Amino acid sequence: MFDHFTLKGEFFATLEALDRAIARRVAASRCSACGGPLHAGNYPRKPRGALIAPEGEAFVVRFSFCCGREGCRRRATPPSLRFLGRRVYLAVVVIVASLAAQAIDVASAQPTGVPRRTTRRWLTWWRGPFLATEVLLAIRARLVGVDVGRIPRSIIERLPGTADEQMRTMLHLLAPLTTGSVLDGSCFLRDIA
Ligand SMILES: [Zn+2]
């Protein structure tokens, strides 16, 4: 167990159901480029759960849509609570491995199965590009006292609920970052999760 998160199959089934609900909202909208109808164009993923969330590897469908208008065909991939952009690891793995690297006693921490250089890259992302995102602005407007030098730990520890609830909320907060093709992602995430 990592930081008391369970991250079993049920956890991912819940995330998948939320992703489906978000996808339904996107499906009901129109192509952002031409206003054409959106058709289902899901694609397969092979997410890695490492030692943190092996049961999450069973969830392999990334919901996505394509504009149905000939000559446009623009893709619209909804925000997701499972997949963080094109990263091969599940979003929870990115978070938990980053938390593990931030633990006070890193040496005795449980092995995550994620190569150290990968985790280092993620920490660089949290401490660099992430700081300039609208997502962080929204988080800081909502949570008082987030220490930007200790992200992601300083965010997740301020969220209410059990460890799994904290993680789900964290994934929901980050979800607008998970797609580059649906730019107003946060409006599809409202009141979900
Ligand atoms: Zn279009």
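Modeller: What follows covers the metal site, then the sheet. This is a predicted model, with residues numbered from 1 along each chain as its sequence is written. Local features need pLDDT of at least 70, side-chain atom pairs count only at pLDDT 80 or more, totals for chains, interfaces and linings use all residues, and side-chain values use heavy atoms, with hydrogens and water left out.

Biologist: Which protein donors does the zinc ion have?

Modeller: C31, C34, C67 and C72, each through SG, at 2.2 to 2.3 Å. Donors are N, O and S atoms within 2.8 Å of the metal (3.2 Å for Na, K and Ca); water is not among the atoms, so sites may look incomplete.

Biologist: And the spacing of the donor residues in sequence, what is it?

Modeller: C-x2-C-x32-C-x4-C. C31 sits in the loop between α1 (9-27) and β1 (38-40), and C72 in the loop between β4 (65-67) and β5 (75-76), so this pair ties together parts 41 residues apart in sequence. Helices (H or I, at least four residues) and strands (E, at least two) are DSSP runs, numbered from the N terminus.

Biologist: Is C31 buried or exposed?

Modeller: C31 is buried, at 6% relative accessible area. C72 is partly exposed at 28%, and C34 is partly exposed at 31%. Buried means under 20%, exposed over 50%, partly exposed in between (1.4 Å probe, protein chains only).

Biologist: New topic. What order do the strands of the sheet take?

Modeller: β1-β4-β5, an open, antiparallel sheet of 3 strands. β1 and β5 are at the edges with a single partner strand each, so one side of each has no neighbour in the sheet. Strands pair if DSSP finds at least two bridges between them.

Biologist: Which residue in β4 is the bridge partner of H39?

Modeller: C66.
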